[in-house]
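Here is a short briefing on one protein model. Look over the chain before reading on.

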Amino acid sequence: MEVAMAYAEEAPPLSIFATAAVAGISIKADPELPSGSAPTFSFPSGEEFHGTGILLRYLGRIASVPDFYNRDAFATAQIDEWLEYATVFSAGAEFEKSCTYVDNYLSLRTFVVGYSLSVADIAVWSGLAGTGQRWESIRKSKKFQNLVRWYNSILSEYPVLSEVIQKYVGRRGIGKPGLVNKKENDGTGIKDENNEIEKAEGSFDIDLPDAELGNVCTRFPPEPSGYLHIGHAKAALLNQYFAQRYKGRLIIRFDDTNPAKESNEFVENILNDLDTLGIKGEGPTYTSDYFPQLMEMAEKLISEGKSYVDDTPREQMQKERMDGIESVNRNNSVEQNMALWKEMVAGTERGKQCCLRGKLDMQAANKSLRDPVYYRCNPISHHRVGSKYKVYPTYDFACPYVDSIEGVTHALRSSEYHDRNEQYYLVLQDMGLRKVHVWDFSRLNFVYTLLSKRKLQWFVDNGKVEGWDDPRFPTVQGIIRRGLTVEALKQFILSQGASKNLNLMEWDKLWTMNKKIIDPTCPRHTAVFQEGRVLLCLTNGPQEPFVRIAPRHKKYEGAGKKATTYTQEIWLDGADAAAVSEGEEVTLMDWGNAIIKHVEKDKNGTIIHLSGVLHLEGSVKTTKLKLTWLPNISELVNLSLVELDHLITKKKNVQEADRPSQGFYIRSGITVVLKNSIIHNDTLI
């Protein structure tokens, strides 16, 4: 439907535009009203609504967003209260004070009211966004982390809000368009790190080249040198998607050609992670299954003059490849090459000085074609075949061979390998094998995140983390241990589509998806900071404690029930106690109203005790403070809530660093939020 609205040009009602955008309601807006006029909705009947609050409530009622406004009486009253409060952000003197209040309020909340998005969230969000550069400056700081987290999650979930800001908000606030000045792509495919959160959505409306229904075969070939991370998860799900789309096959294969880094532990955990992700394919197969055939192919290429053995030192070889200088060994005879190859196969001291290189094109502009290495001598024992071999193929040699032999039709790999696609095709051509199509997809990059297994291994080896499943790690096991659901992970990755565009992603969208999945079913518990807690004595409270059975989740019976104890003395958070004043009426959550009669402070002015009376007939609509509480009983349980941050302090990856300490500032990434706090030991019924 479409709603006609008139407003004053110098004061566009941002919250109304934002609410309509989120709810998918079309607004026919006309900035025709004189300065100072309230926004107005006009209807064909000639009737009108006036004022931002009234218009927001109307939009909330007609929106298709579930529970956007129409809830039970208590929740709707809370929404009304926040709609009125949201206007305080436009009062300059009250801005930071209001930010402090909402930041504290959101410390353990995902949404302003209840467990899902409401028009109250959009109203408060718009109040912040409408201040322009003032909010943007605070947003980039660490001053109000709960508020910023909440703000970013909404922006990430509803990217259309960026368009609303760009149209109606400027550096100085509402009415000065141009706040969001996004930089154009610089040609690298990666947007500037200071831009707003990227819209992480893509499409699978892409066809694989020469793909035939029933004849497509893809493969997922991880190296067993670490645990799967979120980037591998994208690759695995993409391969499975295209195999299923074309009613074809997916092969799971371990590219186990580097015995120095690989182990059975990694094999087992990768298989477990694939099972967790629901990835089902043929196999697993192993590149090591093909070691005999690969060695035969290497000898065939030597005999045909398409490869040669080179003993040039590694650093010199790298320089010669960069400069296009041919090795002195490039034109050695087949007999010379075969003799040195046998030294390599035997693992002799002479053989260890050599490698096998392909004879491609040392003058090619694409430097991956400048005689790449096919085999290296490595006497280390292999985790599957033991010490049988002393030489191992490189990825560049083994991958195209095994892809073709196993019947792969389309080799999907991340765009970081794009420059090596031509090499892949030339190697297959020299081998005389069936062509395999290479298809690129964008690599998944996250801010403050390393996805290099070599660099992740550094953290493990140096004791910076507990292990590969550390909840600060981007591994599948790490992020699931942190609380991510498999469903959210799969939804997020599939939302990227099969795009080849590179984006530096924020984590917020992933965690927002996760919250939407767990919020409808996650049990609710109450905790209070042990340090600084304050006892409230209710003089007309129950003389003897009594227990009520209540749901752990008001909208989901499957969460079970809990036993809540009601006592004459209850514990409040110190911060909540400091916010009350004598004579004030407050609401005790899931109990009712109470009136604070006396506030006792120590010599430093710190509140140490409160006394009051229950006023259960009081209306929750009239109270400003809604306080969580715990009974003063011995069954309270101590707990510590740990907040996990990023492991590194640099936003963008540094490719040149050999290890994280060279180019990154390392931090623990752990903050104890609720140390020695207490929680009600409720019992599942």
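This is a predicted model: local features need pLDDT of at least 70, side-chain atom pairs count only at pLDDT 80 or more; totals for chains, interfaces and linings use all residues.

Residues are numbered from 1 along each chain as its sequence is written, and side-chain values use heavy atoms, without hydrogens and water.

**Whole chain**
- The protein chain holds 21 helices and 29 strands. Both are DSSP runs numbered from the N terminus: helices are H or I of at least four residues, strands E of at least two.
- Of its 685 residues, 51% count as buried (under 20% relative accessible area, 1.4 Å probe, protein chains only).
- The accessible surface is about 31,700 Å², with 48% belonging to carbon and sulfur atoms (Shrake-Rupley method, 1.4 Å probe).
- Among contacts with a separation of 6 or more, 71% come from residues 24 or more positions apart (contact: heavy atoms within 4.5 Å).

**The open sheet**
- Four strands form an open, antiparallel sheet in the order β10-β11-β12-β13 (pairing takes at least two DSSP bridges between two strands).
- β10 (307-310) and β13 (391-393) are the edge strands, each pairing on one side only.
- The twist averages 20 degrees from one strand to the next (axes are lines fitted to C-alpha atoms, for helices over the stretch in contact; angles run from 0 to 180 degrees between N-to-C directions).
- β10 and β11 (residues 355-358) run antiparallel, joined by 4 bridges.
- Val309 has Leu356 in β11 as its bridge partner.

**The helix across it**
- Helix α12 (residues 314-323) lies across β10, β11 and β12 (373-377).
- Helix α12 runs at about 10 degrees to β11.

Terms used
Buried means under 20% relative accessible area, exposed over 50%, partly exposed in between (1.4 Å probe, protein chains only).
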